[in-house]
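The following note sets out numbered remarks for a colleague who will read them beside the structure.

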Amino acid sequence: MGKVTRRQLTDLLGMLGVVAVLAGLAIGLPAVDAALPANRPVSPDRRYEIGAGVTVLPPSGAVLDVTATRPGDLRGSALFRLGPVRYLIAVRPFHGDVEAAAASLRARITGTPGYQVTGTQRSITTDYGRQGLQGGYTAPGRSGRYAVFVASGLSAEVTVAGADLDLGHRLSAVERSTMSLRFPEQS
Amino acid sequence: MTAVRPAPTGGTLRAGLLRQPAFWVVAALLAAGMIRITAIGVHLGTEYPRAMLTATVLFALLAVPFWWFVVELDFLEREPAALLTMAFGWGAFVATSVSLPGGAALDDLVAKLGSPTLAADWGAALASPTVEEIAKAAGIAAIALVARGHVNSVLDGVVYGAMVGLGFQIVEDIVYALGAVALAGQGDEAQPVIATFLLRGFLAGVWSHTLFSALAGAGIGFLVVHRERRWRERIGVAALAMLGAWGSHMLWNSPLLRDGLGNGLLALLAVLVFKGLPPLLLILYLVRRAHDREADYYVGQLSTLHDREVITDRELAVLRSGSRRAAARWYADERAGHRARRAVRRLQRAQAGLAVEISRSGPAERHRDEIRQQRSVLIRLGHPEAIDPPTASGTWRRRAWAVISTVVAVAVVWVALSALGGS
């Protein structure tokens with residue numbers, strides 16, 4: 001091994017500068033992100049637009065997690081948090097019936113290692129008469145519910161997840177909110 | 001003004017790299033990135049093995065013409081395969097590993113400091129270019145630090161930048177294709193992969209990371225090569241090029257023109273023309289300028305020889321221009337067949353190699369021997385000079401053919417996408 005030259009040392013310092021920039025991007029930015037609060041208050045009496053004109057009344061006591069909420073003209077998502085319970089609604093263009101939409105959602109749920117769909121699928125009707133399908137699933141340490149609605153060339157997928165006890169306490173508020181889903185033609 | 005700083009001779013690149021402490025830092029980063037991306041690949045591959053295999057094969061095949069095109073950009077002074085692979089690996093493994101958490105965090109910050117609506121509309125346009133362009137440019141800087149002698153013209157910066165971008169693009173496309181499979185919710189199907197391949201690989205591939213990083217690479221190349229300029233000026237040019245790369249990426253990801261034009265062919269063409277064409281034309285102009293300056297330098301080295309067996313006056317003019325080199329190969333094929341075309345290509349390559357060795361005062365005999373050999377092949381075939389056709393009709397025919405082929409290819413891809421429901 002030869003002697004390290006001055007030029008090699010300068011290049012090494014430059015390279016450590018490059019590493020510092022990478023660390024800033026990969027570690028620094030997530031640290032700043034984690035230091036800032038993600039939740040925003042939402043009113044349970046005021047309709048929240050998820051995307052593509054689909055609206056919902058948030059559950060009482062819920063906050064909006066802005067990191068997973070992305071409204072849009074063609075699609076959108078909204079993540080509400082009720083304590084440790086996650087309540088996610090995703091709207092996207094969909095050309096098919098509600099059975100196909102439910103099959104697609106179930107496939108994605110069971111595609112996650114450790115996730116299994118439980119029980120049978122049941123029919124559900126919103127306060128505005130829109131029929132959908134709902135069911136349940138389990139995952140290590142948590143349970144979940146899902147519901148799917150299809151209307152106006154859109155699908156609205158609802159997933160609720162949390163520990164059994166937390167979910168049990170908050171499920172009725174979430175279900176009331178889900179029933180309030182309204183598609184654009186019903187506005 | 002110095003257009004080219006000849007690379008020093010003596011010692012192999014491999015030995016030089018292994019002696020560099022900075023190289024071992026790059027090697028460690030590449031290893032860490034490879035582990036991270038492989039873990040993601042294994043996870044996706046376990047979930048969707050057929051889709052993963054399809055995506056890997058399709059995008060690996062797509063990388064071949066891109067790689068060939070980027071390498072050919074610097075025909076006169078080709079970059080070592082080891083450094084090109086390092087650049088590709090940086091884009092594929094290091095820049096992607098860094099961009100995954102960094103991009104997601106910055107997107108979240110846009111939502112937190114602005115609003116979810118702002119993040120939905122502009123998050124991809126603000127977060128991705130910021131994190132990804134910096135992570136990729138860091139790779140070009142790393143190449144310059146471990147092998148400074150091989151970044152000896154602005155064009156070299158373009159080549160290494162494009163190679164970093166290509167590595168990033170291929171891995172990102174594979175991840176996007178698997179994301180489309182997951183979103184479709186139809187299980188391990190190849191159809192979303194093919195739709196993603198046509199859309200991101202063909203229609204959007206040209207305007208993607210390879211292009212943006214080439215622009216950043218031009219700036220870093222300028223910073224490294226033009227040591228006769230003041231620091232302020234060199235850093236200013238590099239910063240401007242970075243800004244250009246960021247701006248091009250931002251424009252491409254922006255919601256501008258996304259709505260209002262529908263999903264038809266017209267909308268697609270409008271997006272390609274208004275969002276993709278300006279940066280493409282800018283980088284093509286820069287590459288052309290950088291190529292011409294480098295060509296002037298190397299052809300100048302050959303013109304001092306005054307040896308008609310090595311290179312004639314007309315061949316000097318042809319060697320200076322990429323399109324005229326291609327025209328000379330095509331003309332040889334037309335006049336004396338495929339063997340003549342191959343001999344012209346080898347002759348041009350040997351002439352370029354000789355020019356580089358003369359500029360470095362390095363050993364040139366190998367290239368002289370190759371030139372003599374290919375020259376005698378051409379004489380035997382009755383086409384002694386590697387020149388382009390005397391009239392412009394052949395050139396125009398080739399250009400018209402290229403334009404028609406491109407239009408037909410875009411139409412075919414669009415029809416295929418429509419059939420797959422990807423439009």
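1. Strand 7 and strand 8 of chain A pair in the antiparallel sense over seven bridges. Helices (H or I, at least four residues) and strands (E, at least two) are DSSP runs numbered from the N terminus, and two strands pair if DSSP finds at least two bridges between them. Within this pairing, Arg122(A) has Gln134(A) of strand 8 as its bridge partner. Five residues separate the two strands in the hairpin, where Gly129(A) takes a positive phi near 85°.

2. The model is predicted: local features need pLDDT of at least 70, side-chain atom pairs count only at pLDDT 80 or more, and totals for chains, interfaces and linings use all residues. Residues are numbered from 1 along each chain as its sequence is written, chains are lettered from A and ligands numbered from 1 in the order in which they are written, and side-chain values use heavy atoms, with hydrogens and water left out.

3. Strand 8 of chain A also pairs with strand 9 of chain A, again antiparallel, over eight bridges. Here Ala139(A) stands opposite Arg142(A) of strand 9. The hairpin has two residues between the strands, and Gly141(A) takes a positive phi near 80°. Why is strand 8 of chain A described as largely enclosed? Seven of the nine residues of this strand (residues 131–139) are buried, so the rest of the structure largely encloses it. Buried means under 20% relative accessible area, exposed over 50%, and partly exposed in between (1.4 Å probe, protein chains only).

4. These strands belong to an open sheet of eight strands in chain A, with the order 1-4-5-6-10-9-8-7 and antiparallel pairing. Strand 1 (39–41) and strand 7 (116–125) are the edge strands, each pairing on one side only. From one strand to the next the twist averages 25°. Strands of a sheet pair through backbone hydrogen bonds, either parallel or antiparallel.

5. Helix 3 (residues 164–179) of chain A lies across strands 5 (76–82), 6 (85–93), 7, 9 (142–151) and 10 (154–162) of chain A, and runs at about 10° to strand 9. Axes are lines fitted to C-alpha atoms, for helices over the stretch in contact, and angles run from 0 to 180 degrees between N-to-C directions. Contact means heavy atoms within 4.5 Å.

6. Chain A has three helices and ten strands, in the order α-β-β-β-β-β-β-α-β-β-β-β-α from the N terminus. UniProt, in an unreviewed entry, lists residues 12–32 of chain A as "transmembrane region". UniProt positions are given in the numbering used here, feature names are shortened, and annotations may be inferred rather than shown by experiment. That span is 100% helix and 0% strand, with its end C-alpha atoms 28 Å apart.

7. How does the radius of gyration of chain A stand against that of a compact globule? A compact globule of 187 residues would have a value near 16 Å, but chain A has 22 Å. The radius is taken over C-alpha atoms, and the globule rule is 2.2 Å times the number of residues to the power 0.38. The C-alpha atoms of chain A fill a box of roughly 80 × 35 × 35 Å along the principal axes.

8. Chain B has 15 helices and zero strands. Buried residues make up 51% of the 423 residues. The unreviewed UniProt entry marks several spans of chain B as "transmembrane region", including 82–106 and 158–185. Residues 82–106 of chain B are 100% helix, and residues 158–185 of chain B are 96% helix.

9. Glu172(B) lies in helix 6 (residues 154–184) and counts as buried because its relative accessibility is 13%. Beyond its neighbours within four places in sequence, Glu172(B) is in contact with Glu132(B), Arg200(B) and His209(B). Ser248(B), in helix 9 (residues 231–253) of chain B, is buried at 8% relative accessible area. Not counting residues up to four places away in sequence, Ser248(B) touches Phe212(B), Leu215(B) and Pro279(B).
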